[in-house]
Amino acid sequence: MRAIDRESLETPADGWSSPKVTDRPATATATLTIPLDGLTITAPQPEMLSQKNVEAVTGIPARVFLDTIRAPGFPLLITKLGKLRLVQREAFIAYLRSLASEPASRRTTEADERTRVAAVLASAGLEPVRCPGTGRASAPPAGTSRARLPPK
């Protein structure tokens, strides 16, 4: 759209001719007021996860992150910078997804562990005793006797 300024129409002093039109761009200025709670600023996700930013990115607490990456058999490359531990964000999220999709294999791993413990106990002439899963020390089941050392 062309803006025509009325004052730019000029007529020559010595005679009649068609007026000249000069083009000037039209501009407008406005001031907007936006409340701060109406703005959302999004930063790009970090390429590397550490114990300092893992909770903000994944929701996993730093302690759980550190325990996870220190566990035996953790498959990802860990970069160590002083006390800071870094892993690639994409790879770590893929690893978490793989854990979520394999609950049966974790159960079989736990069953294998119980079988190995039972084998070690059996080689020593002992057998495993099931205890309630309260996490507390409990009395031996009824019908079992407590062994005592003979007096000296």
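**Figure 1. Arg-63 and Asp-67 sit about one helical turn from each other, being four residues apart in helix H2.** Let's start here, in a model that is predicted. Arg-63 and Asp-67 form a salt bridge, and their closest N and O atoms are 3.7 Å apart. Arg-63 is partly exposed, with a relative accessibility of 48%. Asp-67 is likewise partly exposed, at 46%.

**Figure 2. Glu-90 and Arg-89 form a salt bridge.** In this pair the closest N and O atoms are 3.3 Å apart.

**Figure 3. Arg-85 is a buried residue that has no salt bridge.** What is the nearest side chain of opposite charge, and how far away is it? It is Asp-67, at 11 Å. A salt bridge here needs a nitrogen and a carboxyl oxygen within 4 Å. Have a look at the backbone oxygen of Gly-82 instead: it lies 2.7 Å from a polar atom of the Arg-85 side chain. Arg-85 belongs to strand E3, residues 84-88. Setting aside residues up to four places away in sequence, Arg-85 touches several others, including Leu-49, Phe-65, Leu-66 and Ile-69.

**Figure 4. Ten residues, written as 10 in the count, make up the largest nonpolar core.** Among them are Leu-49, Val-54, Ile-60, Val-87 and Tyr-95. Helices H2 (62-70) and H3 (89-100) each supply at least two residues of this core. The largest share, three residues, comes from H2. Leu-66 is one of the core residues. Beyond its neighbours within four places in sequence, Leu-66 is in contact with Gln-51 and Arg-85.

**Figure 5. Three strands form an open sheet in the order E1-E3-E2.** The pairing is antiparallel. Strands E1 (48-49) and E2 (79-81) are the edge strands, each pairing on one side only. E2 and E3 are joined over three bridges. To find your bearings, look for Thr-79, which stands opposite Leu-86 in E3.

**Figure 6. Val-117 lies in helix H4, residues 103-123.** Its relative accessible area of 40% makes Val-117 partly exposed. How far apart are the C-alpha atoms of Val-117 and Pro-128? They are separated by 8.1 Å, with the two residues 11 apart along the chain.

How values were computed: Residues numbered from 1 in each chain as written. Predicted model: local features only at pLDDT ≥ 70, side-chain atom pairs only at ≥ 80, totals over all residues. Heavy atoms only, no water. Core = buried A, V, L, I, M, F, W, Y, C linked by side-chain atoms within 4.5 Å. Buried < 20%, exposed > 50% of the residue type's maximum accessible area, 1.4 Å probe, protein only. Contact = heavy atoms within 4.5 Å. Lys, Arg positive; Asp, Glu negative; His and termini not counted. Polar contact = N/O pair within 3.5 Å; in protein donor to acceptor, adjacent residues only side chain to side chain. Pairing = 2+ DSSP bridges.
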